[in-house]
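Dear colleague,

Please find the structure below. My notes on it follow.

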Amino acid sequence: MNAVVKQVASEGTAIRPFVVSIPDEDLTDLRRRIVAARLPENEAVPGLSRGLRLATIQKLARYWATDYDWRRVEAKLNSYPQFITAIDGLDIHFIHARSRHETALPLIVTHGWPGSIIEQLKIIEPLIDPTAHGGSAADAFHVVIPSRPGNGFSGNPMTPGWDCTRIARAWDLLMNRLGYMRYVAQGGDWGALISEQMGALAPRGLLGIHTNLPSAVPAEVLAALASHIPPPGLDAEERRAFEKLDSFFSQGLSYAYQMAGHTHALYGIADSPIGLATWLLDNELWSQQLIARAVDDQPESLTRDDLLDNITLYWLTDTAISAAGLYRENKLPFFAPMGVTTPVAVSVFADETYQLPRSWAERAYPGLIHYNKVEKGGHFAAWEQPKLFTEELRAGFNSLRG
Amino acid sequence: MSAVAQSMNSDLGAIRPFQVNFPEAKLADLRKRVNATVWPDKETVSDESEGIQLAVIQKLARYWSTEYDWRRCEAAINAVPNFITEIDGLDIHFIHVRSKHENALPIVITHGWPGSIVEQMKLIEPLTNPTAHGGTAADAFHVVIPSMAGYGFSGKPTAPGWDTARMARAWTVLMKRLGYSKFVAQGGDWGSLVSEQMALQAPPELLGIHINLPFAVPPAILQALPSHKAPPGLDADEKYAFERIDFFLVNGLTYALQMANHPQTLYGIADSPIGLAAWFLEHDLLSYQLIARSFDGVPEGLTRDDILDNITLTWLTNTAISGARLYRENKLPFFVPLGVKIPVAVSAFPDELYAVPKNWAEQAYPGLIHYNKVEKGGHFAAWEQPKLFTEELRAGFRTLRV
């Protein structure tokens with residue numbers, strides 16, 4: 001796939017405009033491969049216990065090869081100003097959407113795995129143009145949405161070392177390079193870790209962070225997870241959080257272990273669109289019902305197009321393996337507090353991996369400025385519930401605006 | 001796969017002759033797919049710590065799509081008698097080669113993962129015709145080599161339950177159906193577990209088993225493994241075995257976890273020949289290094305053709321996923337003694353996942369009749385070192401012949 005020329009990082013601090021333009025032949029090749037996909041026979045059990053069901057994948061494949069239109073999302077991406085700039089030796093791609101309100105608060109939003117900048121497209125308009133979306137001019141943000149190293153249109157690291165801390169440093173450089181000397185950061189999934197690393201590094205320009213997957217589980221709770229027995233003294237809410245974490249760790253992180261162990265055993269997700277789609281869709285972060293409903297064209301939040309926009313972006317940029325590299329680079333334990341001292345806003349979505357109790361948030365974040373339980377939304381909250389998510393960012397950062 | 005009539009059950013007990021003959025179109029399609037492979041970027045390190053190195057798999061791809069000749073392998077399989085018979089509701093394929101020496105010892109040999117009957121082909125001649133291969137008539141075996149359920153030309157289970165115990169029962173039915181009232185069993189990898197399960201079931205016809213991946217790690221060692229610290233008082237052999245098991249459990253198990261968790265998610269290995277090849281090369285580090293050397297023109301036990309015969313057979317039969325399901329079926333922890341009481345012969349190959357020390361074998365097998373440390377050979381011992389392996393089977397079973 002050479003549609004996206006992943007160049008050796010350019011010299012200096014130039015910020016080059018970028019437009020997505022995938023050649024027709026790449027789209028034809030993708031459709032051809034989907035149609036020619038060789039599938040295994042049906043799983044030997046009913047239900048979801050062995051992975052994504054064949055019937056769901058067949059439906060997804062049929063839609064992908066026929067009605068799905070990449071040009072629609074390409075046009076959407078190109079409706080926002082995009083740029084590439086070299087930071088720390090690597091080309092970093094980002095969307096940069098400025099609000100017309102000059103006093104808007106600069107915000108850098110980081111996606112996770114198995115996501116991309118596609119996850120954040122729905123929040124751009126409400127954040128930059130609040131008066132058209134239920135807010136006031138005082139709610140405005142200037143929005144920066146980078147592609148992680150190895151993901152989408154950013155460069156692929158050719159040597160080890162691009163972990164969350166290095167990405168956090170790069171994001172601070174990026175915001176400064178854009179002229180933002182005071183800004184905030186937001187993220188879920190890996191984006192949460194990266195934002196919390198920014199909070200731990202506490203560069204001068206960073207006013208605070210918002211996270212929707214907090215690393216805020218007390219040490220004694222994390223230690224108790226190995227035994228599956230909650231430590232004594234938890235209240236009902238903490239107990240529920242413990243149970244959710246326990247089920248997260250028990251129900252199969254095999255995809256994460258595989259990527260943390262050997263990314264380069266997964267050549268099949270680079271060479272097979274269906275192999276890629278199933279790998280990205282089959283992990284415990286997704287609600288399988290959400291996927292099945294989307295594929296059946298009865299979406300509740302995410303649509304078939306949402307799912308395929310993200311998968312197709314991975315395919316066209318050939319980044320399935322390079323994006324997986326962060327699992328190997330990461331040495332930080334999941335959910336363990338990192339010592340963030342900056343102001344922190346937390347939104348707890350109802351279907352996220354676990355629902356952080358306020359008591360744990362207060363312990364993990366001495367600078368807690370916002371805590372709210374949101375009634376709807378899961379692991380991909382910005383993508384699933386952009387309206388609620390936008391309201392959270394407005395409320396969460398309200399006290400940091402000067 | 002119309003070439004292979006899988007799961008077409010005939011009259012119970014009937015034994016139908018079987019020949020392999022894949023249409024040319026399947027072979028052309030395979031070559032076309034290999035040539036059209038979409039590659040990820042090279043790994044970011046200069047060793048094998050991220051998995052299968054791009055240079056190695058690209059050498060494999062080049063050879064596979066140009067010089068490799070499946071018809072040679074097909075002819076070798078068809079040169080020995082192949083059959084299919086239904087057992088316990090599933091079609092079981094097997095090779096059955098009788099020795100000209102009528103009092104030969106009947107043996108059923110079971111392959112493992114990522115293997116197939118291809119692993120055992122080199123043993124057939126020396127075992128059935130010992131006088132032409134450095135042995136005497138008293139060393140002769142009648143050889144039965146089945147394809148495990150879900151593998152190669154055997155049927156694919158359409159319901160859960162085909163674990164190693166069920167296969168063990170099926171193998172006893174098979175041997176009796178072939179008219180053998182006294183026989184022995186042999187295996188490595190999953191074949192070890194199938195053979196040990198047979199020994200545990202101890203049908204009166206089973207004289208004993210030979211194992212080259214023994215489930216014979218003492219409880220004190222198993223308990224110490226989570227801490228990665230060898231218990232005190234181990235001798236040099238035991239200490240080395242501890243380190244090898246620890247290394248495997250820490251570094252080498254992610255593929256097994258993925259297949260045990262969600263085998264059906266690996267659509268990429270069903271749809272991409274290179275995805276399949278890389279997944280198969282991933283088994284263990286020493287085997288991978290041996291295979292990598294063979295593609296560098298330095299074969300030591302396995303040739304490029306050996307490797308590709310096995311991968312191509314799995315590709316052509318579309319059994320990557322059905323074979324992977326055995327990991328999910330299995331509920332037995334690796335290497336934990338099962339409590340086998342009947343006679344057991346053990347060969348400890350130096351590059352196996354671990355070389356079992358003699359005292360561990362004595363503890364695990366009260367009926368230990370043979371223990372030998374072999375000078376050369378690894379996880380695929382029968383395939384890598386057929387001469388040494390044959391000598392082990394002759395010596396190992398000698399005392400069981402009447």
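Strand β3(B) is joined to strand β5 (residues 141-146) of chain B by 4 bridges, and the two run antiparallel. In this pair B:Ile95 stands opposite B:Ile145 of β5(B). Strands are DSSP runs of E of at least two residues, helices are runs of H or I of at least four, both numbered from the N terminus, and two strands pair if DSSP finds at least two bridges between them.

The model is predicted: local features need pLDDT of at least 70 and side-chain atom pairs count only at pLDDT 80 or more, while totals for chains, interfaces and linings use all residues. Residues are numbered from 1 along each chain as its sequence is written, and chains are lettered from A and ligands numbered from 1 in the order in which they are written.

β3(B) also pairs with strand β2 (residues 82-87) of chain B, in the antiparallel sense over 6 bridges. Here B:Ile95 is the bridge partner of B:Asn82. The hairpin of β2(B) and β3(B) has 2 residues between the strands, and B:Asp88 takes a positive phi near 55 degrees. Of the 8 residues of β3(B) (residues 90-97), 6 are buried, so the strand is largely enclosed by the rest of the structure. Buried means 20 or more other C-beta atoms within 10 Å of the residue's own, exposed 12 or fewer, and partly exposed in between, with C-beta atoms placed from the backbone.

The contact between the chains takes 46 residues from chain A and 46 residues from chain B; residues are in contact if their C-beta atoms, placed from the backbone, lie within 7 Å. Elements giving two or more residues to the chain A side are α9 (254-261), α10 (267-271), α11 (273-281) and α14 (320-329) of chain A.

Regards

Note on methods:
Contact = placed C-beta atoms within 7 Å.
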